[in-house]
Amino acid sequence: MPKLRIAWSKLRWSLAQRGLGGTLRVALARARQRPIEETKPLVHPFDERYGMETSGLIGGGELRTGHRNDVFNTAYYAMAPSRFRWVMKSWLDDDSHAGIENYSFVDLGCGKGRAVLMASEFGFREAVGVELHASLAAVAKTNVAAWTAAGRAVCPVRIVCRDATEFVFPDGACLLYLFHPFGAPVLKRLIERIEADFAERRGMLDLIYFNPEAGELLDAHGGFELLWTGTVAMSEEDAAADRVASAEDLCSVYRWVGESSK
(Lines give C-alpha, C1' and ligand atoms only; values in the text may rest on other atoms or scores of the structure.)
Protein backbone atom coordinates (compact mmCIF):
# COMPACT_ATOMS: atom_id res chain seq x y z
CA MET A 1 0.00 0.00 0.00
CA PRO A 2 2.75 2.59 0.74
CA LYS A 3 4.19 2.01 -2.75
CA LEU A 4 0.73 2.44 -4.26
CA ARG A 5 0.22 5.72 -2.40
CA ILE A 6 3.61 6.97 -3.58
CA ALA A 7 2.84 6.01 -7.17
CA TRP A 8 -0.56 7.73 -6.98
CA SER A 9 1.04 10.86 -5.50
CA LYS A 10 3.59 10.99 -8.32
CA LEU A 11 0.85 10.49 -10.91
CA ARG A 12 -1.24 13.33 -9.45
CA TRP A 13 1.81 15.58 -9.47
CA SER A 14 2.63 14.73 -13.09
CA LEU A 15 -0.95 15.31 -14.22
CA ALA A 16 -1.02 18.69 -12.45
CA GLN A 17 2.33 19.75 -13.87
CA ARG A 18 2.25 18.22 -17.36
CA GLY A 19 -1.35 17.31 -18.11
CA LEU A 20 -2.45 13.93 -19.45
CA GLY A 21 -0.63 14.28 -22.77
CA GLY A 22 2.62 15.40 -21.15
CA THR A 23 2.45 12.61 -18.59
CA LEU A 24 2.03 10.00 -21.33
CA ARG A 25 4.88 11.50 -23.36
CA VAL A 26 7.25 11.46 -20.37
CA ALA A 27 6.28 7.87 -19.51
CA LEU A 28 6.92 6.76 -23.10
CA ALA A 29 10.25 8.58 -23.27
CA ARG A 30 11.41 6.96 -20.03
CA ALA A 31 10.38 3.54 -21.25
CA ARG A 32 12.53 4.02 -24.36
CA GLN A 33 15.45 5.59 -22.52
CA ARG A 34 18.68 3.63 -22.43
CA PRO A 35 20.86 3.67 -19.31
CA ILE A 36 23.69 6.15 -19.65
CA GLU A 37 26.92 6.45 -17.73
CA GLU A 38 26.66 9.12 -15.07
CA THR A 39 29.61 11.48 -15.36
CA LYS A 40 28.44 14.30 -13.10
CA PRO A 41 29.50 14.22 -9.43
CA LEU A 42 26.79 13.42 -6.90
CA VAL A 43 28.12 16.05 -4.48
CA HIS A 44 28.58 19.61 -5.72
CA PRO A 45 31.97 21.25 -5.01
CA PHE A 46 30.10 23.87 -2.93
CA ASP A 47 29.26 21.16 -0.41
CA GLU A 48 32.73 19.66 -0.45
CA ARG A 49 34.32 23.05 0.05
CA TYR A 50 32.13 24.22 2.92
CA GLY A 51 30.94 20.98 4.51
CA MET A 52 27.30 21.56 3.60
CA GLU A 53 24.53 19.25 2.37
CA THR A 54 22.75 20.98 -0.50
CA SER A 55 23.31 18.56 -3.40
CA GLY A 56 20.86 16.15 -4.97
CA LEU A 57 17.86 16.13 -7.27
CA ILE A 58 14.43 15.32 -5.82
CA GLY A 59 11.43 15.17 -8.12
CA GLY A 60 8.33 17.12 -7.22
CA GLY A 61 6.29 13.94 -6.94
CA GLU A 62 8.52 12.84 -4.07
CA LEU A 63 8.09 16.05 -2.07
CA ARG A 64 4.86 15.09 -0.33
CA THR A 65 3.78 16.95 2.80
CA GLY A 66 0.00 16.55 2.79
CA HIS A 67 -0.50 20.21 1.85
CA ARG A 68 -2.92 21.10 -0.94
CA ASN A 69 -0.06 22.66 -2.90
CA ASP A 70 2.00 19.45 -3.09
CA VAL A 71 0.84 18.75 -6.64
CA PHE A 72 2.35 22.05 -7.78
CA ASN A 73 5.86 21.39 -6.45
CA THR A 74 8.42 21.32 -9.24
CA ALA A 75 11.55 19.66 -7.83
CA TYR A 76 14.44 20.26 -5.48
CA TYR A 77 17.75 21.16 -7.04
CA ALA A 78 20.12 23.82 -5.75
CA MET A 79 21.16 26.87 -7.75
CA ALA A 80 24.62 26.98 -9.34
CA PRO A 81 26.67 29.30 -7.08
CA SER A 82 28.22 31.19 -9.99
CA ARG A 83 24.79 32.06 -11.40
CA PHE A 84 23.45 33.18 -8.05
CA ARG A 85 26.46 35.36 -7.29
CA TRP A 86 26.40 36.94 -10.76
CA VAL A 87 22.76 37.94 -10.41
CA MET A 88 23.36 39.23 -6.88
CA LYS A 89 26.27 41.38 -8.07
CA SER A 90 24.13 42.70 -10.92
CA TRP A 91 21.33 43.57 -8.49
CA LEU A 92 23.76 45.24 -6.09
CA ASP A 93 25.26 47.31 -8.90
CA ASP A 94 21.81 48.73 -9.70
CA ASP A 95 21.46 52.03 -7.85
CA SER A 96 17.70 52.35 -8.46
CA HIS A 97 16.88 50.69 -5.13
CA ALA A 98 17.83 51.38 -1.51
CA GLY A 99 20.98 49.98 0.08
CA ILE A 100 21.19 46.25 0.75
CA GLU A 101 21.15 46.83 4.51
CA ASN A 102 17.51 47.90 4.14
CA TYR A 103 16.47 44.63 2.46
CA SER A 104 15.47 41.23 3.77
CA PHE A 105 16.38 38.39 1.42
CA VAL A 106 13.56 35.84 1.15
CA ASP A 107 13.93 32.51 -0.68
CA LEU A 108 10.56 30.82 -1.14
CA GLY A 109 10.99 27.08 -1.66
CA CYS A 110 14.52 27.22 -0.27
CA GLY A 111 15.01 23.44 -0.13
CA LYS A 112 18.27 22.65 1.66
CA GLY A 113 19.17 26.32 1.79
CA ARG A 114 22.09 26.87 -0.60
CA ALA A 115 20.82 30.23 -1.88
CA VAL A 116 20.07 31.41 1.66
CA LEU A 117 23.60 30.50 2.73
CA MET A 118 25.10 32.45 -0.15
CA ALA A 119 22.77 35.40 0.47
CA SER A 120 23.95 35.58 4.06
CA GLU A 121 27.43 36.47 2.78
CA PHE A 122 25.97 39.83 1.72
CA GLY A 123 24.90 42.60 4.05
CA PHE A 124 21.14 42.06 4.05
CA ARG A 125 19.08 42.99 7.08
CA GLU A 126 18.38 39.26 7.30
CA ALA A 127 18.25 36.19 5.05
CA VAL A 128 15.15 34.00 5.29
CA GLY A 129 14.49 30.61 3.71
CA VAL A 130 10.92 29.32 3.51
CA GLU A 131 10.39 25.62 2.82
CA LEU A 132 7.19 23.55 2.97
CA HIS A 133 8.86 20.11 3.17
CA ALA A 134 9.85 19.47 6.80
CA SER A 135 12.80 17.20 6.02
CA LEU A 136 14.33 19.69 3.59
CA ALA A 137 13.75 22.52 6.07
CA ALA A 138 15.53 20.48 8.76
CA VAL A 139 18.54 20.00 6.50
CA ALA A 140 18.53 23.72 5.73
CA LYS A 141 18.52 24.57 9.44
CA THR A 142 21.47 22.24 10.04
CA ASN A 143 23.34 23.86 7.16
CA VAL A 144 22.60 27.34 8.48
CA ALA A 145 23.84 26.42 11.96
CA ALA A 146 27.14 25.10 10.59
CA TRP A 147 27.52 28.00 8.15
CA THR A 148 26.90 30.56 10.88
CA ALA A 149 29.20 28.81 13.35
CA ALA A 150 31.97 28.97 10.74
CA GLY A 151 31.56 32.76 10.61
CA ARG A 152 30.43 32.93 6.98
CA ALA A 153 27.13 34.69 7.59
CA VAL A 154 27.32 38.46 7.95
CA CYS A 155 23.61 38.89 8.65
CA PRO A 156 20.98 37.00 10.68
CA VAL A 157 19.69 33.85 8.98
CA ARG A 158 16.55 31.83 9.65
CA ILE A 159 14.62 28.97 8.06
CA VAL A 160 10.81 28.83 8.25
CA CYS A 161 8.92 25.60 7.56
CA ARG A 162 5.77 26.93 5.89
CA ASP A 163 3.91 27.12 2.60
CA ALA A 164 5.04 30.05 0.47
CA THR A 165 1.52 31.49 0.20
CA GLU A 166 1.13 31.50 3.99
CA PHE A 167 4.42 33.23 4.78
CA VAL A 168 4.17 36.79 6.11
CA PHE A 169 6.89 38.94 4.59
CA PRO A 170 9.22 40.88 6.90
CA ASP A 171 8.64 44.59 7.37
CA GLY A 172 10.48 46.98 5.10
CA ALA A 173 12.06 46.23 1.73
CA CYS A 174 12.49 42.65 0.51
CA LEU A 175 14.42 40.88 -2.22
CA LEU A 176 12.37 37.82 -3.14
CA TYR A 177 14.15 34.88 -4.74
CA LEU A 178 12.44 32.06 -6.66
CA PHE A 179 14.20 29.15 -8.37
CA HIS A 180 10.97 27.98 -10.05
CA PRO A 181 9.87 26.17 -6.87
CA PHE A 182 6.21 25.73 -7.80
CA GLY A 183 3.72 25.93 -10.65
CA ALA A 184 1.51 28.78 -11.81
CA PRO A 185 -1.45 28.14 -9.43
CA VAL A 186 0.78 28.70 -6.39
CA LEU A 187 2.52 31.70 -7.96
CA LYS A 188 -0.91 33.21 -8.60
CA ARG A 189 -1.77 32.90 -4.89
CA LEU A 190 1.66 34.28 -3.98
CA ILE A 191 0.98 37.35 -6.13
CA GLU A 192 -2.24 37.87 -4.19
CA ARG A 193 -0.23 37.69 -0.97
CA ILE A 194 2.24 40.26 -2.30
CA GLU A 195 -0.65 42.55 -3.27
CA ALA A 196 -1.83 42.45 0.35
CA ASP A 197 1.54 42.57 2.15
CA PHE A 198 3.04 45.28 -0.08
CA ALA A 199 -0.04 47.41 -0.73
CA GLU A 200 1.61 50.29 1.13
CA ARG A 201 5.17 49.39 0.11
CA ARG A 202 5.38 50.25 -3.58
CA GLY A 203 8.86 49.86 -4.99
CA MET A 204 10.03 47.95 -1.92
CA LEU A 205 9.99 44.43 -3.35
CA ASP A 206 12.33 43.16 -6.03
CA LEU A 207 11.95 39.61 -7.33
CA ILE A 208 14.68 37.42 -8.85
CA TYR A 209 13.02 34.55 -10.73
CA PHE A 210 15.23 31.81 -12.17
CA ASN A 211 13.62 29.51 -14.75
CA PRO A 212 10.54 31.79 -14.88
CA GLU A 213 8.17 29.23 -16.35
CA ALA A 214 5.16 31.03 -14.87
CA GLY A 215 6.57 34.47 -15.57
CA GLU A 216 3.63 35.34 -17.79
CA LEU A 217 1.61 35.90 -14.61
CA LEU A 218 4.02 38.64 -13.56
CA ASP A 219 4.29 40.05 -17.08
CA ALA A 220 0.51 40.37 -17.33
CA HIS A 221 0.15 41.97 -13.91
CA GLY A 222 0.29 45.74 -13.79
CA GLY A 223 1.91 45.65 -10.37
CA PHE A 224 5.25 44.26 -11.58
CA GLU A 225 7.85 45.99 -13.72
CA LEU A 226 10.31 43.78 -15.61
CA LEU A 227 13.79 45.15 -14.93
CA TRP A 228 15.87 42.57 -16.77
CA THR A 229 15.66 39.13 -18.35
CA GLY A 230 18.34 36.99 -19.94
CA THR A 231 20.65 34.02 -19.51
CA VAL A 232 23.38 33.72 -16.91
CA ALA A 233 26.59 31.84 -17.66
CA MET A 234 27.95 29.27 -15.22
CA SER A 235 31.55 28.92 -14.12
CA GLU A 236 33.53 25.96 -15.44
CA GLU A 237 33.25 24.32 -12.03
CA ASP A 238 29.47 24.64 -11.96
CA ALA A 239 29.08 23.52 -15.57
CA ALA A 240 31.10 20.39 -14.81
CA ALA A 241 29.04 19.58 -11.72
CA ASP A 242 25.51 20.73 -12.55
CA ARG A 243 23.13 17.87 -13.42
CA VAL A 244 20.13 19.96 -14.46
CA ALA A 245 20.95 23.44 -15.78
CA SER A 246 21.37 24.38 -19.42
CA ALA A 247 22.87 27.43 -21.13
CA GLU A 248 19.36 28.51 -22.24
CA ASP A 249 17.96 28.86 -18.71
CA LEU A 250 16.45 32.30 -18.22
CA CYS A 251 16.46 34.60 -15.24
CA SER A 252 14.09 37.54 -14.85
CA VAL A 253 14.18 40.38 -12.34
CA TYR A 254 10.99 42.27 -11.45
CA ARG A 255 10.03 45.15 -9.18
CA TRP A 256 6.71 45.54 -7.41
CA VAL A 257 5.35 48.97 -8.35
CA GLY A 258 2.00 48.48 -6.72
CA GLU A 259 -0.61 48.92 -9.41
CA SER A 260 -3.61 46.64 -9.65
CA SER A 261 -3.58 43.68 -12.02
CA LYS A 262 -4.65 44.26 -15.61
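Which residues on the other side of H5 are exposed? They are Thr142 and Ala149, exposed meaning over 50% relative accessible area, buried under 20% and partly exposed in between (1.4 Å probe, protein chains only). The model is predicted: local features need pLDDT of at least 70, side-chain atom pairs count only at pLDDT 80 or more, and totals for chains, interfaces and linings use all residues. Residues are numbered from 1 along each chain as its sequence is written, and side-chain values use heavy atoms, without hydrogens or water.

**View 1. Overall content of the protein chain.** The protein chain contains eight helices and nine strands; these are DSSP runs numbered from the N terminus (helices H or I, at least four residues; strands E, at least two). Of its 262 residues, 48% are buried.

**View 2. Span of helix H5.** Helix H5 covers residues 134-149, and its end C-alpha atoms lie 22 Å apart.

**View 3. Buried face of helix H5.** Leu136, Ala137, Val139, Ala140, Asn143, Val144 and Trp147 are the buried residues of H5. Because they fall within an arc of 155° seen down the axis of H5, they line one face of the helix; the arc is that of the directions from the helix axis to the C-beta atoms.

View 4. Just after H5, Gly151 adopts a positive phi of about 80°.

Notes
Expected span 1.5 Å × (residues − 1).
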